[in-house]
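My notes follow in the order I looked things up.

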Amino acid sequence: MKRIAFFDIDGTLIDSMKGIKDISPGVKQAIKNIQKNGDYAFIATGRPYAFLPKSILEFGFDGFILANGAHIIINNETIHSDSIDKEFIKYLVDELESNNIEYVLQGEKHCYMKKHFKNFHDYLDKIEVPKNYIKDDYKCEEIDIYKVEMLCKDDAMENLCISLISKNKQCDYFSSINKRAIEVYIKKNTKSKAILRVINYLNIPIENTYAFGDGKNDIDMLREVRCGIAMGNASDDVKKISNYVTDTVSNDGVVLGIMERIIKN
């Protein structure tokens, strides 16, 4: 019976804020070894498709859980997608723009962001997000949005964004790479639920599942799988619910986790 491993990106495979902008050769080889054994390797990230680095797109992963579970791709085919209510998106965009808060709307293939959002463009450049699939000309009522990311310059702006999100009880938020970048998603679309969709699609039992992560939005995923592996750089909240704590992303923690929890088993 095949096994399947899910890998978060930021803080797990790479750490753009610390200059680790590509998967290390050792981690690449370890993941390839999983696939050579006939097992699956999937990405499970909060990032949308448009924010995936070229190196990850071209690596050869068997599938992608994107936008925190709102979008699933297997064998280059979308098997699940779920967008945020358009009326709420319009309300949110109007409020953000009236308060001079920069944002990006994240869809299935493209993201949508105004050209004059200099701070957000600079932030994306810093973490080397490709711009190939970012559009600046759009109408909210004509696009399906899976996730919204807002860049807050201070606590007051962050609190305002959180209050806006609370207007829609179906939505929640988290921060990943940058504490000031608040990411809005639909509560029912989580990495754990996406994993269940994937393994049902591929007919893999939950007993054959593994996941690597480091952030708040990885907790449900690490709990769901047979073996949840926290990175050494993860927060204590993530570590305490995991089955195993590996080394940090800087020290190729994924390699150790694969060796100890997948290869040896």
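**Charged pairs**

I started at D122, which is partly exposed with a relative accessible area of 38%. This is a predicted model, so I treat each value here as computed from it. D122 forms a salt bridge with K118, and their closest N and O atoms are 2.7 Å apart. Both residues lie in helix α4, 4 residues apart, which is about one turn of the helix. K118 is exposed, at a relative accessible area of 55%.

Next I looked up E183 and K147, whose side chains meet in a salt bridge at 2.5 Å, N to O. This pair links distant parts of the chain: E183 is in strand β11 and K147 in strand β9, 36 residues apart. Are these two buried or exposed? E183 has a relative accessible area of 7% and is buried, because the cut-off for buried is under 20%. K147 is buried too, at 0% relative accessibility.

I then took R180 and D155, which form a salt bridge at 2.8 Å, N to O. R180 sits in the loop between β10 (171-175) and β11, and D155 in helix α5, so the pair ties together parts that are 25 residues apart in sequence. R180 is partly exposed, with a relative accessible area of 24%. D155 is also partly exposed, at 46% relative accessibility. I noted that D155, E158, K179 and R180 are linked in a network of salt bridges. For the whole structure I have 17 salt bridges.

**Domains**

I have the chain divided into domain 1 (4-81 + 189-263) and domain 2 (86-186). Their centres, taken over C-alpha atoms, are separated by 24 Å. The contact takes 21 residues from domain 1 and 25 residues from domain 2. Between them the two domains bury about 2,000 Å², and 65% of that is on carbon and sulfur atoms.

Next I looked at N189, in the loop between β11 (181-186) and α6 (191-202). N189 is buried, at 2% relative accessibility. Leaving out residues up to four places away in sequence, N189 touches N68, G69, A70, H80 and D82.

**Cores**

I found 39 residues in the largest nonpolar core, and L105, L124, V148 and M150 have the most contacts inside it. At least two residues of this core come from each of α3 (86-98), β6 (102-106), β7 (111-112), α4 (118-126), β9 (147-151), α5 (155-165) and β11. With 5 residues, α3 gives the most to this core. Another core, of 30 residues, lies apart from it and has A5, I56, F61 and L66 among its members.

I followed up V148. Beyond its neighbours within four places in sequence, V148 is in contact with I84, I89, L92, V104, L105, I182, E183 and V184.

**Cysteines**

I count 0 disulfides in the structure. C140 is in none, and its nearest cysteine sulfur, that of C111, is 13 Å away. C140 is buried, at 7% relative accessibility. C152 is in no disulfide either, with the sulfur of C161 as its nearest cysteine sulfur at 3.5 Å. C152 is buried, with a relative accessible area of 3%.

**Single residues**

I looked up R3, which lies in the segment before β1 (4-7). R3 is buried, at 14% relative accessibility. Its C-alpha atom is 5.0 Å from that of D39, although R3 and D39 are 36 residues apart along the chain. Not counting residues up to four places away in sequence, R3 touches N37, D39, Y40, N208, Y210, I262 and N265.

My last check was on backbone angles. Most residues other than glycine have a negative phi. N75 is not a glycine, yet has a positive phi of about 50 degrees. N75 is in the loop between β4 (71-74) and β5 (77-81) and is exposed, with a relative accessible area of 63%. D252 also has a positive phi, near 55 degrees. D252 is in the loop between β14 (244-245) and α9 (253-263) and is partly exposed, with a relative accessible area of 25%.

Methods:
Residues numbered from 1 in each chain as written. Predicted model: local features only at pLDDT ≥ 70, side-chain atom pairs only at ≥ 80, totals over all residues. Heavy atoms only, no water. Buried < 20%, exposed > 50% of the residue type's maximum accessible area, 1.4 Å probe, protein only. Contact = heavy atoms within 4.5 Å. Core = buried A, V, L, I, M, F, W, Y, C linked by side-chain atoms within 4.5 Å. Disulfide = S-S within 2.5 Å. Domains from an automatic or database assignment. Buried area = accessible area lost by both parts, 1.4 Å probe. Salt bridge = Lys/Arg side-chain N within 4 Å of Asp/Glu carboxyl O.
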